[in-house]
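Let's take a walk through this structure together. Have a look at it first, and then we'll go through it piece by piece.

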Amino acid sequence: MTDQPDGPAEAGLRLGHLETDLSFVTRILRTRIQERNALFYRAHGAAGGEVAVLCLIAMNPGMTQKDLARAVVLRKSALTKLVNEMDGQGLIERRKDCADLRLNALHLTPLGQERLARMRPEMTALQDALLAPLSPGERGMLFELLWRLVGSLEDPSGDDAGPDA
């Protein structure tokens, strides 16, 4: 955490149009979330993106690396590096896709499943703490609106993973 006020308004700054600027507000929100999650990532020695990758593969065993890149919106080069590291740590494995031998199907190893199971309770607690100011109905509305925005901004080509994908 920082010694700075909670935000620009609390510091006595006028925000004007920035109060409703999506990029400005979400940048502040992302920074606050990263600050709150930093201890979790340090405690578990987890790299950025690793938790989402473990969760997605656990829920979608056999997914391709291309589908994973699209889901986490990472550049192909960044995701390849992360997948290689996680494979090297024994958390995930690549298996040839039965339908298309050119593709690798991603699966969690027992070690990856164990790591995810160890982190899951703390992940849930972190989410609950981040969303504590909102009622259950407001939480549902927040995610409904956020996913609507995400859907409206998706790349029509289906390639949301960035220019290297």
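A salt bridge here is a side-chain nitrogen of Lys or Arg within 4 Å of a carboxyl oxygen of Asp or Glu. This is a predicted model, where local features need pLDDT of at least 70, side-chain atom pairs count only at pLDDT 80 or more, and totals for chains, interfaces and linings use all residues. Residues are numbered from 1 along each chain as its sequence is written, and side-chain values use heavy atoms, with hydrogens and water left out.

Searching the whole structure turns up 9 salt bridges. In one of them, the side chains of aspartate 87 and arginine 94 meet at 3.1 Å, N to O. Aspartate 87 is partly exposed, with a relative accessible area of 28% (buried means under 20%, exposed over 50%, partly exposed in between, using a 1.4 Å probe and protein chains only). Another salt bridge links aspartate 67 with arginine 70, their closest N and O atoms being 3.2 Å apart. Both sit in helix H3 (residues 65-72), 3 residues apart, about one turn of the helix. Helices (H or I, at least four residues) and strands (E, at least two) are DSSP runs, numbered from the N terminus.

Now for the strands. Strand E3 (residues 104-108) has 4 of its 5 residues buried, so it's largely enclosed by the rest of the structure. Strand E2 (residues 92-96) runs antiparallel to E3, joined by 5 bridges (strands pair if DSSP finds at least two bridges between them). Across that pairing, glutamate 93 stands opposite histidine 107.
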